[in-house]
Amino acid sequence: MLECLPEGTVEHTIGKINPVKTCQPIGAMYAALGIHGCLPHSHGSQGCCAYHRMHLTRHFRDPVMASSSSFTEGASVFGGAANLKTSIKNIFKIYNPEIIAVHTTCLSETIGDDIPNIIKQAEIPEGKRVIHINTPSYQGSHITGFAGMCKAMVSYLSQSDGTQKDQVNILPGFVNPGDMREIRRIVGELGVKMIMFPDTSGVVDTPLTSKYQMYPDGGATVAEIRDAGNSSLTLALGSFASNDAADLLQEKCGVTGIPLKLPIGLKATDDFIMALKDWFGVEVPKSLTLERGQVIDTLIDTHFHYQGKTVAVFGDPDHVIAMTEFLITMGMIPKYILTGTPGKAFEAEVNAMLEAAGITGSRVKAEGDLFELHQWIREEKVDLLIGTTYGKYIARKEDIPLVRFGFPILDRAVHPLMPVVGYRGCLRLIEQISNALLERRDRDALDEDYELIL
Amino acid sequence: MEDLCTLPAGHAAPLSERDRSIMTAGRSKTAIHCADDSLAGSVSQRACVFCGARVVLNPVTDAAHLVHGPIGCASYTWDIRGSLSSGPEMYRNSFSTDMKERDVVFGGEKKLAACIDEIVEKSHPPAVFVYATCVTGMIGDDIVAVCKEATRHHGIDVIPVESSGFISGNKVVGYRAAAIALMRLITPKEGERIEKTRKLNFLGEYNLSGEMWLARRYLQEMGIEINVAFTGDSTVAALKQAPGACLNLVQCTGSMHWMAMQMEKEFGIPFMDVNFFGAENTAESLRRIAKFYDDPEITERAEALIARETARIQPALDRYRQKLSGKRAAIYVGGAYKAVALIRQLRGLGMEIVLTGTQTGKKEEYAAIGNLLDEGAVVVDDTNPAEIERFLTEMKVDVMAGGVKERVLAYKLGVGFVDHNHDRKECLAGFDGAVNFAREVYVTTCSPVWKYLKVPPEDQHEVQP
């Protein structure tokens with residue numbers, strides 16, 4: 001496998017080989033699914049919409065609905081205004097959503113369609129909404145598109161009525177519905193009222209009931225997103241995915257925003273809980289203290305399984321940053337840390353964590369690809385690979401165990417339902433990491449070294 | 001909120017334009033309306049030109065496949081094809097020029113040329129396919145000129161694939177773009193001569209789950225060699241020998257019919273439609289191939305093979321037929337050829353086909369499908385989830401055959417599902433494939449899990465045992 005990649009280190013400076021990112025529109029589509037009763041709309045060629053739906057469906061194993069402006073050559077020459085107006089009319093007539101969330105594609109961006117103006121001219125039934133974000137595929141990544149759609153929710157929907165309510169806005173980032181459920185549970189345990197948007201729990205993790213709901217029960221309602229303007233605090237989880245929306249909430253509605261890491265790992269979960277405790281003056285309930293204690297207990301029970309092992313971690317920036325912090329907590333050595341999303345802030349943040357931990361000799365890169373990561377690993381091997389399904393080629397070629405983490409995971413199931421955030425998420429990650437290393441140890445052990453108790 | 005639980009408008013008022021894309025076998029007087037562009041705003045299951053070109057070409061195993069455009073087009077098509085290789089793995093890498101804003105503004109030709117240089121110098125592929133995408137088509141990058149220059153410079157085939165997505169929402173147009181690229185690759189250069197042989201080419205066979213390998217075993221047993229398949233498990237060198245074949249078999253007619261006609265015109269190779277899905281189809285195809293060779297020994301060996309294999313699989317098929325008899329099936333696939341194959345196979349398992357649809361079928365193909373089906377069965381062109389839901393529920397379907405987007409929808413409705421697309425992991429061709437297919441249909445139709453599914457009284461229908 002992959003023997004066609006050149007041996008040794010070669011310079012790779014242009015284009016991408018085996019990317020660790022995809023384009024903005026799919027992120028915007030995923031975020032839009034986190035609004036209740038929303039039909040995401042892709043303003044461009046049909047292929048884009050089909051690919052995004054397919055990709056999301058392969059990851060979540062749930063139906064993903066979205067419509068397309070179905071550009072043809074004519075639209076590309078004369079502009080897509082007519083297509084978008086017809087789309088909006090057709091969508092409300094056929095699919096009847098509460099709200100349409102329009103995102104663009106590289107095609108409509110290149111043509112230069114003026115989306116806000118087109119929306120103004122469109123027939124929108126009373127009480128229905130159309131929001132939009134420009135998502136040129138040739139900038140940023142899927143995370144940028146996700147962040148953009150979150151920001152569009154604020155700019156179109158959030159309003160301050162002049163009174164601040166004792167409630168928190170949570171921007172959860174590009175995480176699985178299982179993670180969103182867990183965040184909701186933790187905030188609930190703390191007794192804080194919250195508005196989470198987007199919220200794809202109940203949308204792409206629906207039960208099988210023999211009844212198909214085009215608009216499942218989940219998702220943040222338009223009313224909730226509106227009311228986010230009255231909250232006293234916003235927690236932006238993951239700076240790449242959530243900061244833009246939090247900043248706009250602060251600017252537009254005066255809601256204080258605190259940027260945090262995704263609550264993945266012990267320290268990031270502590271920070272998340274403490275931020276809520278400090279702001280709202282609530283007590284941390286015994287139930288959460290117990291969970292935290294169990295995590296520390298487990299870390300000590302298992303530390304000799306993984307401490308000192310080297311890791312290559314890749315994926316989306318917010319995930320990778322939080323995971324790097326947790327690996328440091330676990331006493332592991334993040335050796336190669338790479339994201340495909342552009343942004344120097346990624347490198348700065350990761351390097352600062354490594355420096356604080358006294359770890360030297362690691363390589364950190366934003367806007368990298370798996371060709372490059374593979375080259376690094378060939379130069380000096382690591383004990384463990386953590387990342388998306390796309391890591392499986394390197395894992396096989398270099399015979400390194402892979403812990404699947406992030407988006408997309410296309411070759412395993414159940415992951416969208418199982419949180420990696422919070423203290424319970426810590427336990428899951430510890431189990432996955434330590435099992436991966438122990439399975440390898442068992443596999444490699446000679447008969448005389450094969451042990452019952454590990 | 002209650003009324004949002006189903007599809008209010010979708011049920012009551014499908015756009016009247018869609019009515020022409022739906023017909024009922026034995027009842028509709030007019031022909032089905034198809035190959036239209038999808039309605040703006042529809043939740044279509046269709047893709048684009050790039051997608052069509054990519055699925056046809058990507059199985060060329062030792063070529064580098066470079067997507068010239070922003071990253072998405074390369075990311076979404078990275079190794080999703082499921083075609084297997086007996087050797088090179090080059091095609092499983094994803095190469096993209098990763099166009100940025102400045103490339104869109106100032107043109108991407110230089111970056112494309114640099115990417116080709118890097119790939120050729122580092123990985124030494126025997127050929128590079130360069131795919132155009134929406135943006136590169138829109139800004140007018142001259143990929144033909146860049147490829148020509150790169151061909152001259154590197155001395156290998158660097159072949160442009162004119163697959164800008166917006167040209168059409170119909171994958172068939174992309175199949176054509178791929179066929180043009182393939183013709184460019186296999187047409188002998190001046191002074192080159194390809195020796196004629198008694199071997200055959202197998203067009204429209206992509207070696208999903210090793211299906212080409214199985215067909216090759218059958219043909220070998222008959223004394224016939226496959227020259228090269230288009231494009232499953234093919235290499236650039238093998239494809240270049242394609243003009244030397246004496247016959248072209250065409251399996252996926254949608255993607256390769258035009259290619260076969262071109263090869264007949266250019267190289268004088270006759271072609272024959274074959275179908276290796278289902279035991280009946282396989283036997284019929286093997287007989288026709290034997291007939292072409294007009295060699296009593298080949299015919300004899302073919303008959304021996306068919307008799308042996310048919311007898312071998314019959315007990316297994318009978319077992320599944322017992323379990324599946326009377327169940328109701330729906331089909332929604334890319335092309336008509338596959339739909340026809342599935343109709344025959346499901347019917348062979350004693351099932352009733354109540355719904356058939358394709359993304360890219362042609363008028364005459366739909367007429368053929370309509371004639372195959374029982375009265376009352378529904379035929380649709382380019383359907384959408386709302387219609388699929390409506391039909392699966394109203395027609396009390398037990399199992400559906402389709403692709404990735406239909407799978408999860410069918411499951412949600414409590415309907416079994418069998419993948420007959422890129423995501424299939426079992427060989428479904430030939431005699432062994434017939435048994436595998438029957439097993440897949442049985443497994444999903446008769447999963448023990450279904451009985452735990454509580455069905456609301458109002459739409460209680462025959463739930464799978």
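Helix α11 of chain A has 15 residues, and from its first C-alpha to its last it reaches 21 Å, close to the 21 Å expected at 1.5 Å a residue. The model you are looking at is predicted.

**Along the helix**

- The buried residues of α11(A) are Leu266(A), Ala268(A), Thr269(A), Phe272(A), Ile273(A) and Leu276(A).
- An α-helix has 3.6 residues a turn, so residues three or four places apart point the same way.
- The packing partners of these buried residues are β6 (165–171), α8, β9 (256–260), α12 (286–306), α13 (317–329) and α17 (422–444), which belong to chain A.
- Just after α11(A) you will find Gly281(A), which takes a positive phi of about 65°.

**The domains of chain A**

- Chain A is divided into domain 1 (24–157), domain 2 (165–283) and domain 3 (287–448).
- The centres of domain 2 and domain 3 of chain A, taken over C-alpha atoms, are separated by 25 Å.

**Where domain 2 touches domain 3**

- Domain 2 of chain A gives 28 residues to this contact, and domain 3 of chain A gives 29 residues.
- On the domain 2 side, the elements of chain A that give two or more residues are α8 (177–189), α10 (239–253) and α11 (266–280).
- Of these, α8(A) supplies the largest share of the domain 2 side, with 8 residues.
- By type, the residues on the domain 2 side of chain A divide into 14 nonpolar, 7 polar and 7 charged.

Notes: Residues are numbered from 1 along each chain as its sequence is written. Chains are lettered from A and ligands numbered from 1 in the order in which they are written. This is a predicted model: local features need pLDDT of at least 70, side-chain atom pairs count only at pLDDT 80 or more; totals for chains, interfaces and linings use all residues. Domain bounds come from an automatic or database domain assignment. Two residues are in contact if their C-beta atoms, placed from the backbone, lie within 7 Å. Helices (H or I, at least four residues) and strands (E, at least two) are DSSP runs, numbered from the N terminus. Ala, Val, Leu, Ile, Met, Phe, Trp, Tyr, Cys and Pro count as nonpolar, Asp, Glu, Lys and Arg as charged, and the others, Gly among them, as polar. The expected span of a helix is 1.5 Å times one less than its number of residues. A residue is buried if 20 or more other C-beta atoms lie within 10 Å of its own, exposed if 12 or fewer, and partly exposed in between; C-beta atoms are placed from the backbone.
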